[in-house]
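Please read the following note with the sequence and the model open side by side. Each numbered point takes up one part of the fold.

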Amino acid sequence: MEKSAEEVPLGRASEKAGLSRGKGPTSSADSSTESLNLPFLTEPTQVRAVLGAATPRAAPPARVALVQRLQSVAGNLAVTALLSNAANVQRQGGAAATATPTSLDAQYVAAIAQGRWGQAATYLSGFDNTQIMARLRRLSNAQRVDLYEGAEAALGYPRRMPIIVGLRFLGVAVGHEAPSAEENVGGWEYGVRGAYDYRITPVSIEVRVKINFVPDAGVTPPVSTWFGYITSMWNHYTAVDQSNRSQKRRIHFTPIQGTGMHTVNVHAGDQRADAANLYVGDSRASSTIPHEFGHLVGLEDEYERTAGDYARVTGEALPAGDTSQAPAARTIATEMHEALFKEEHWYERHRTAVRRRKEAVNAVFSNHSLPKNYSNAITRQVATMYRVIYSGSLNGHIVDQIDADSGDSHFHDWREGVVGAFEYTNASIMGNVQLAAAGTPEHDHPVQPRHVRHFARLVQDFLGRGNWQPEADH
Ligand SMILES: [Zn+2]
């Protein structure tokens with residue numbers, strides 16, 4: 001049974017603070033808040049005195065209610081930390097409560113040395129704020145991140161508050177994100193499922209992506225080689241505060257083999273990979289693996305995208321069509337329309353008509369030497385002309401009119417190739433890096449600032465100041 005706040009034996013101080021009114025919404029306009037003596041809360045020894053008087057006889061739920069009540073009206077991190085820590089010292093359970101200060105420190109030191117971070121956090125929460133801060137300052141950045149996670153895992157609110165507030169004061173934070181998106185690539189729908197942990201230290205933001213490789217029988221994933229492709233492709237950026245360029249944090253990606261985040265099946269051979277299926281014989285593994293890693297951190301594809309999607313995802317101007325080819329583009333657009341809208345007779349099966357259209361489309365591509373999958377200046381002009389003439393999307397019509405597998409193999413890839421010919425692709429790591437070699441406009445680096453901008457943003461959001469942008473510098 002939960003005790004109400006009215007049972008907290010606080011004496012006059014609590015009545016003055018409005019705590020006997022019980023639970024309820026608190027805002028600056030709340031009458032109980034108005035009756036709280038806020039200057040009182042800013043004086044540490046007086047806060048301790050109130051908590052010390054309240055805690056010995058109160059049951060844990062009431063003490064927690066008291067602390068939370070004070071926190072809700074104080075709204076000040078330092079006061080919050082102080083309050084919860086004072087409560088910790090009073091109601092410390094387990095080892096920390098019975099230990100003398102000396103042995104408490106010895107236990108804390110031993111837990112740190114042995115990497116028992118949850119226990120280290122438990123012992124540390126038995127100290128007062130000054131002692132906690134002194135110990136946090138002695139830790140390395142990596143130890144601080146581990147302790148942060150130990151505190152979050154092992155300590156409930158508010159016991160972990162002083163430690164986490166102290167670590168954040170020292171520039172450390174951890175978090176988890178799982179961005180997802182639905183995307184249309186080459187006329188087909190896919191899902192992007194990102195997931196990663198991040199750790200912000202005073203010098204870096206480390207993005208950790210756990211991948212559980214599940215190989216087919218007899219297949220051994222070349223994990224260290226693949227992880228090498230990922231880190232050499234992705235680890236070149238630093239988040240820099242544009243309003244104070246001395247402030248920097250490296251953006252560092254760390255793939256880890258482990259369970260609980262992503263599952264990737266690994267097969268023999270050299271087929272087309274996706275974020276959930278990789279091939280040990282992949283002849284383009286040095287770009288395939290970093291591309292799929294991009295999906296694991298939530299990025300969308302940048303190939304075979306519609307004009308609208310391409311502009312949204314890349315933020316770049318669309319590659320133009322060739323207006324000098326307008327007459328040829330008009331001819332091709334007309335032929336494509338004729339091919340796509342070849343009639344379907346009542347006496348034939350649907351896929352017979354689909355096959356007829358498909359063969360007609362193949363003839364248009366062959367007669368005009370059009371590229372598959374990736375647009376050029378002429379096919380982009382064809383798409384523009386088609387829209388002008390028919391008030392509809394060429395890609396949309398391809399998908400609508402050739403909507404069934406006509407029985408021959410590779411229907412999926414065939415239609416993607418035709419649709420992709422009128423869509424937008426770049427040569428970045430999320431597009432098709434092979435296009436760079438084929439003479440398509442090349443970027444400075446396959447990983448572009450937009451691909452890592454979100455991680456600079458996480459730093460900015462954590463610090464709450466500056467204008468943090470990614471810069472390639474290593
Ligand atoms: Zn992809």
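1. Basis of the note. This is a predicted model, in which local features need pLDDT of at least 70 and side-chain atom pairs count only at pLDDT 80 or more, while totals for chains, interfaces and linings use all residues. Residues are numbered from 1 along each chain as its sequence is written.

2. Overall content. The protein has 22 helices and 10 strands. Helices (H or I, at least four residues) and strands (E, at least two) are DSSP runs, numbered from the N terminus. Of its 474 residues, 37% count as buried. A residue is buried if 20 or more other C-beta atoms lie within 10 Å of its own, exposed if 12 or fewer, and partly exposed in between, with C-beta atoms placed from the backbone. Among contacts between residues at least 6 apart in sequence, 68% join residues at least 24 apart. Two residues are in contact if their C-beta atoms, placed from the backbone, lie within 7 Å.

3. How many of the residues of helix α9 are buried? In α9 (residues 117-124), 7 of the 8 residues are buried, so the helix is largely enclosed by the rest of the structure. The buried residues include Trp117, Ala120, Ala121 and Thr122. Gly150 has its place in helix α11 (residues 141-154). This glycine counts as buried because 24 other C-beta atoms lie within 10 Å. Leaving aside neighbours within four places in sequence, Gly150 is in contact with Trp117, Gly118, Ala120 and Ala121. Gly150 and Thr122 are 28 residues apart in sequence, and 8.7 Å separates them in space, C-alpha to C-alpha.

4. Helices α16 and α18. The axes of α16 (residues 326-340) and α18 (residues 377-390) come within 8 Å and cross at roughly 65°. Axes are lines fitted to C-alpha atoms, for helices over the stretch in contact, and angles run from 0 to 180 degrees between N-to-C directions. The two helices α16 and α18 are therefore roughly perpendicular to each other. Angles under 35 degrees count as roughly parallel, over 145 as roughly antiparallel, 65 to 115 as roughly perpendicular and the rest as oblique. The crossing of α16 past α18 is right-handed. A crossing is right-handed if the near helix is turned clockwise from the far one by less than a right angle, and left-handed if anticlockwise. Residues of α16 that meet α18 include Ala329, Ile332, Ala333 and Met336, and among those they meet in α18 are Val382, Met385 and Ile389. By class, this contact of α16 with α18 has 12 nonpolar, 2 polar and 1 charged residues. Ala, Val, Leu, Ile, Met, Phe, Trp, Tyr, Cys and Pro count as nonpolar, Asp, Glu, Lys and Arg as charged, and the others, Gly among them, as polar.

5. Helices α19 and α20. The axes of α19 (residues 394-401) and α20 (residues 411-420) come within 9 Å and cross at roughly 160°. Helices α19 and α20 are therefore roughly antiparallel to each other. Asn395, Ile398 and Val399 in α19 meet Arg415, Val418 and Val419 in α20. This contact of α19 with α20 has 4 nonpolar, 1 polar and 1 charged residues by class.

6. Strands around β7. Which way do strands β5 and β7 run? Strand β5 (residues 204-215) and strand β7 (residues 248-257) run parallel and are joined by 8 bridges. Two strands pair if DSSP finds at least two bridges between them. Ile211 has Gln257 in β7 as its bridge partner. Strand β6 (residues 237-241) runs antiparallel to β7, with 4 bridges joining them. β6 and β7 form a hairpin, with 6 residues between them. Thr238 stands opposite Arg250 in β7.

7. Backbone points to check. Most residues other than glycine have a negative phi, and most peptide bonds are trans. A cis peptide bond joins Tyr157 and Pro158, with omega about 10°. Pro158 lies in the loop between α11 and α12 (161-169). Asn373 has a positive phi of about 75° although it is not a glycine. Asn373 lies in the loop between α17 (350-367) and α18. Phi of Ser391 is also positive, near 50°. Ser391 lies in the loop between α18 and α19, and it is exposed, with 7 other C-beta atoms within 10 Å.
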